[in-house]
Amino acid sequence: MHGRVKVKSTAQQEEEKRKEREKKLKVYLSARDAVFSKKSNGVLDEEALQLTQQLLSSNPDFATLWNFRREILLHLETVKEEEEMQKLYELELLFTESCLKVNPKSYGSWHHRGWVSSRLPRPDWPRELSLCDRCLSVDERNFHCWDYRRFVVKASGVPVSQELRFTDRLIGSNFSNYSSWHYRSTLLPLLQPGTPSPCRKPAHVSPTASPQTHGHRVCEEQLLKEYELVQNAFFTDPNDQSAWFYYRWLLGRAEREEMISCVYVSREGERVTVAFSKLVNAPAEGLVLVLDGQPQQVEWRSVHPLFRHSPVWLCELPPGSISDINNEHNLTVHWTEKHTHRDCALYTGRLESWCRDSATDQELFRSELSIEKTSVLQSELQSCGQLLELEPQNKWCLLTTILLMRALDPLGHERETLAHFQTLKEVDPMRSSYYSDLCSKFMIENTILKMEYAEVRVFSLSDKNLSTLCHLDQLLLVTHINLSSNQLLKLPPQFAMLHCLKVLEADNNAIENLEGLYQLPKLEDVSLRNNHISKLSTLEPLVSCPKLIRLDLRGNPITKTANIQAELAQLLPSVTDLLI
């Protein structure tokens, strides 16, 4: 046995490890108790600072200790000279750096480092940027480090152009660096701000952006350069999603101007309905109605009880205000918060009137394109076509092709778009529902545009495989809607925005929820054949529709319920033509 190494048994090794852990835990708990004792007694001395350092070195995610450490440092500021605090804070930076080596994504360590940097009498910002460079070279998606870098850049006044070159370097070394693409999207609007349309104001400008960011868009010259950059990325690796996401951002449209898009007035019920270009809280955001030069005391309400914020609001005028058909009236709705208004005239002999911008005038569903940008996007579409020939099942290329087609000519490319959606569902079945909803959205947009061009108030989208409904605020004036033979599961609360609707056809779907059929003042005829309506309570929203006279429920499970005829007659006494 002499000269041979004695191998310890597993049980012995485990026992030694257990004792070592117990020893460390005992030291840790002793230090923790000492820190909490000092904290509760308000002792803010350098010994407490040393104890917290001992604990945080092994567990940098102990937020309470970081907070106590900051209390100590703030106290020491009151008793030490500036030069002493400079050295103390420099040591603090070294300490947080050692903590980040333990956990590079420690919330507490990064937050504390930012706090220390902001307290330093003479901060060394180049050193902080260098630290960010080192951390990002190890993990390019460390979002804590990216946040800290943005803080350092802002605090030190690093030029945007310098940061843009930094993203150039990172993207050049790795096209898959999603964080760099995202950072680039925040920098470009600051460096190369786009110019808004001459007839429009910028919709929204971030408080942290320069005054010229114009809705976070990029000037056209820079945009064309960016297209070339991302094209290099996805021809290099077509299946990497990072560049494709950035490309979708480049294709995005500017935010719409905040405005009153439509005012509708009806003598029946003496009701005024207002549609906005965004969700608003009308009473809180200063909505004032003026009738024939006199401000009116009215109560604005959303179209559905579920909505505190809505793009459509309505009110009833005092009785007798506009009911006489022989009188002419002029109304103005003022949106005082946005300093805008819209007028509407109700002429003699007219029961209703409206004033609005059409969807075609607003370029509601696609960006306004210059001739140069149109030609470039056409070239981009051709490039995507070439890539599709090489990678016919690349989902990112298929989806981007759809977006390009919609930016250029949504109606002209409708058939190709539908074919690409079908291919997407086949190559990426896990996201089939998402593609169905997106396709439904685009089909609704196209139908609204067709309706605008034809200047009709009839909306028909039967047998289009719709899985969802959207843009219902654009259908405020529609009187007849056909949604039959689709895949709809419900009529959502937003459906209550259709305040002119008289006839609804929604046969052959899978509808089991009618929540949106709430207080539709003109609804007369509802056909819901062959759906999944199985409960009487599902029909309760129809009680609030005063003009409903015809209801077709044939082919629904509810029709097999005993005594359903009598129960429906009691629930909906106004319905004289009930088909079950």
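Which residue in β9 does valine 265 stand opposite?

Modeller: The model is predicted. Valine 265 stands opposite serine 353, a residue of β9. Now the strands around that pair. Strand β1 covers residues 260-266. Five bridges join β1 to β9, and the two strands run antiparallel.

Next, the sheet. β1 and β9 belong to an open sheet of five strands. The order is β5-β6-β2-β1-β9, with antiparallel pairing. β9 (352-356) stands at one edge and β5 (301-302) at the other. Each of these edge strands has a single partner strand, so one side of each is left without a neighbour in the sheet.

There is a second open sheet, built from four strands. Its order is β4-β3-β7-β8, and its pairing is antiparallel. Here the edge strands are β4 (294-295) and β8 (340-346). Each of them pairs on one side only. Further in, strand β3 (residues 287-291) pairs with strand β7 (residues 329-335). That pairing is antiparallel and runs over five bridges. Leucine 287 stands opposite tryptophan 335 of β7.

Now the domains. The domain assignment lists domain 1 (24-158), domain 2 (260-357) and domain 3 (456-579). The C-alpha centres of domain 1 and domain 2 are 57 Å apart.

Then the helix pairs. Helix α1 (residues 10-40) meets helix α2 (residues 46-58). Their axes come within 9 Å and cross at roughly 140°. That angle makes α1 oblique to α2. The crossing is left-handed. On the α1 side, the contact uses Val27, Tyr28, Ala31, Arg32, Ala34, Val35 and Lys38. On the α2 side, it uses Glu47, Ala48, Leu51, Thr52, Gln54, Leu55 and Ser58. By class, the contact of α1 with α2 counts eight nonpolar, three polar and three charged residues.

Helix α4 (residues 82-102) packs on helix α5 (residues 107-119) at an angle of about 165°. Their axes are 10 Å apart. The angle makes α4 roughly antiparallel to α5. α4 and α5 also cross in the left-handed sense. From α4, the contact takes Tyr89, Glu92, Leu93, Thr96, Glu97, Cys99 and Leu100. From α5 come Ser109, Trp110, His112, Arg113, Trp115, Val116, Ser117 and Arg119. The residues of this contact of α4 with α5 divide into seven nonpolar, four polar and four charged.

One more pair: helix α14 (residues 395-408) and helix α16 (residues 432-454). They pack at an angle of about 10°, with axes 12 Å apart. That makes α14 roughly parallel to α16. In α14, the residues in contact are Lys395, Leu399, Ile402, Leu403 and Arg406. They meet Tyr435, Leu438, Phe442, Glu445 and Asn446 in α16. The contact of α14 with α16 has six nonpolar, one polar and three charged residues.

Back to the starting point. Valine 265 and serine 353 stand opposite each other. β1 and β9 are joined there by five bridges, and β9 is an edge strand of the sheet.

Key: Residues are numbered from 1 along each chain as its sequence is written. This is a predicted model: local features need pLDDT of at least 70, side-chain atom pairs count only at pLDDT 80 or more; totals for chains, interfaces and linings use all residues. Side-chain values use heavy atoms; hydrogens and water are left out. Axes are lines fitted to C-alpha atoms, for helices over the stretch in contact, and angles run from 0 to 180 degrees between N-to-C directions. Angles under 35 degrees count as roughly parallel, over 145 as roughly antiparallel, 65 to 115 as roughly perpendicular and the rest as oblique. A crossing is left-handed if the near helix is turned anticlockwise from the far one by less than a right angle, and right-handed if clockwise. Contact means heavy atoms within 4.5 Å. Ala, Val, Leu, Ile, Met, Phe, Trp, Tyr, Cys and Pro count as nonpolar, Asp, Glu, Lys and Arg as charged, and the others, Gly among them, as polar. Two strands pair if DSSP finds at least two bridges between them. Domain bounds come from an automatic or database domain assignment.
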